[in-house]
Amino acid sequence: MSTETQDDGLEYNFAYLDEQTKRMIRRALLKAVAVPGYQVPFAGREMPMPYGWGTGGIQVTASILEPDDVLKVIDQGADDTTNAVSIRKFFQRVAGVATTEKTEGATLIQTRHRIPEMPLHEGQILVYQVPIPEPLRFLEPRETETRKMHALEEYGLMHVKLYEDIARHGHIATTYAYPVKVNDRYIMDPSPTPKFDNPKMNRCAALQLFGAGREKRIYAVPPYTDVVSLDFEDHPFEIQAWDNPCSLCGETNSFLDEVIMDDQGTRMFVCSDTDHCTTRQQQGYQGPGQEAAE
Amino acid sequence: MSLTDLAPGFADPVRDAAVSFRTILDAMARPGDVKSLPVTAPVPAPFNAAAICVALSLLDPDTPYWLAPDLRNDRIIGHFSFHTGAPFEADIHKAQFAFFPVADLARVMKDLSIGTDEYPDRSATAIALVPGFDSAGGVRLAGPGIETTCDFAPGGMTTDAWNALERNAMLFPLGVDTIFAGPDSLAAIPRSTRLTQLEA
């Protein structure tokens, strides 16, 4: 089966990758699911876009995609930013799959740096684009050492790092890529999602897959798996909170982006998850920004 | 064996491999949940439909596979060689995939590769051919992929076989991941699943 494109007559194998590459990635995915949080090396391919644009996530998506899938792609929560638009177009063209902006209607969601606000359900798979999969990398640059640390479950260094945060700032100052422990065994980088999203990973009903293209690693969190953010008894894990609700939809329980409105320093806070915000506005919810405009 | 003896593989290799893999992935992500096969390909004896689906979707020249003596014949080896290019491996310790009748499970498990501390992914995947999934007794499963618990009772499993899987689970994060392949469905027990045996 292949997908014919309308514009240039070029024909690609379904979902771009050749079949042997897909099988290699598929085998890595099965091992990743069997050992939650462990980084499986894979022979990452060059994709028709630069590293850093989600080549790992794209290879995972291409390997699991089936023709009946409905694909949603988000970049920092938004469906309409460059990275999301180009990846969505890529799969429309090379796989001919249906796409959507609705979280609820998607069977496969590829994401850069956010988890949708709406709880995911069992029929869904969330694919993360990961820049640096190794949570210990900035503490120990040698792969041979970090691999040994994972093998021996030697994670004291990570706690020292969080402790140093407290010593210096009075609180744990890590706000994104906040380390988690998966299934009480491996410490995992949740990709640079804000720590606001960490609790959504815990016992999530959907399968979560992570692809790092440049570093050539795949890892996974199966449904209903314990994902615990590291903390201390006297400094428990906390998520971000905002003083004001979303200016557009009035939501008080979502991750907000700060938008500069003019050169006088006027700011507005809006939901980072565009589908969540739009859906709420359609349901009649209004934020302070909307009321002021009327 | 001549070319005319060969049975066909997947009718639409790209699509059929994609939907088969999603079923296998779903089974591995939700241990003990029995999944119907989305497609079937012709089955050379003495294999069954799910085992053929797994083989055609996952094997290729990079994956040496092992066959139990009861499943080993020129027709199967020729079938896999033609459709996947995978090399047959007579030494079970070196195999990445092992296919065997469920009756052999206890014996086979102790010979399969369980990976290394630094690379637990370098372990074998076991494919046990079972007659079905509605046997009495069985096990209660818990762990990643299972919301609370899940009862699982594939046919042909003995106490010895369940003991072998319990020992395998204790090796986590090392260990073998097992796919139970039936005539029209499949299920999986990865190494991360905890088992409790139930009275028959």
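Here are some questions and answers on the model, which is a predicted one.

User: Which residues have the most contacts inside the largest nonpolar core, and how many residues does that core have?
Analyst: The residues with the most contacts there come from both chains: Phe91(A) and Leu209(A), along with Leu25(B), Phe47(B), Phe80(B) and Phe99(B). Take Leu209(A): leaving out residues up to four places away in sequence, it touches Leu29(A), Ile64(A) and Tyr219(A), among others, and also Leu25(B). The size of the core itself is 87 residues.

User: How much area is buried between chain A and chain B?
Analyst: The contact draws 42 residues from chain A and 40 residues from chain B. On the chain A side, Arg27(A), Leu30(A) and Lys31(A) supply 19% of the area that chain A buries against chain B, more than any other three residues. Carbon and sulfur atoms give 60% of the total, which is about 3600 Å².

User: Which residue of chain A forms a salt bridge with Asp177(B)?
Analyst: Five salt bridges are found across the interface of chain A and chain B, and Asp177(B) takes part in a salt bridge with an N to O distance of 2.9 Å. Asp177(B) counts as buried because its relative accessibility is 1%, under the 20% cut-off.

User: How many residues apart are Arg203(A) and Asp226(A), which meet in a salt bridge?
Analyst: Their side chains meet at 3.4 Å, N to O. Arg203(A) is partly exposed at 35% relative accessibility, and Asp226(A) is partly exposed as well, at 38%. Arg203(A) is in the loop between α6 and β10 of chain A, and Asp226(A) is in the loop between β11 and β12 of chain A, so the pair ties together parts whose separation in sequence is 23 residues.

User: Which residue of chain A is in the salt-bridge network with Asp26(B) and Arg30(B)?
Analyst: That network also takes in Asp33(B) and Lys35(B).

Technical notes:
Residues numbered from 1 in each chain as written. Chains lettered and ligands numbered in written order. Predicted model: local features only at pLDDT ≥ 70, side-chain atom pairs only at ≥ 80, totals over all residues. Heavy atoms only, no water. Core = buried A, V, L, I, M, F, W, Y, C linked by side-chain atoms within 4.5 Å. Buried < 20%, exposed > 50% of the residue type's maximum accessible area, 1.4 Å probe, protein only. Contact = heavy atoms within 4.5 Å. Buried area = accessible area lost by both parts, 1.4 Å probe. Salt bridge = Lys/Arg side-chain N within 4 Å of Asp/Glu carboxyl O. Helix = DSSP H or I, 4+ residues; strand = E, 2+ residues; numbered from the N terminus.
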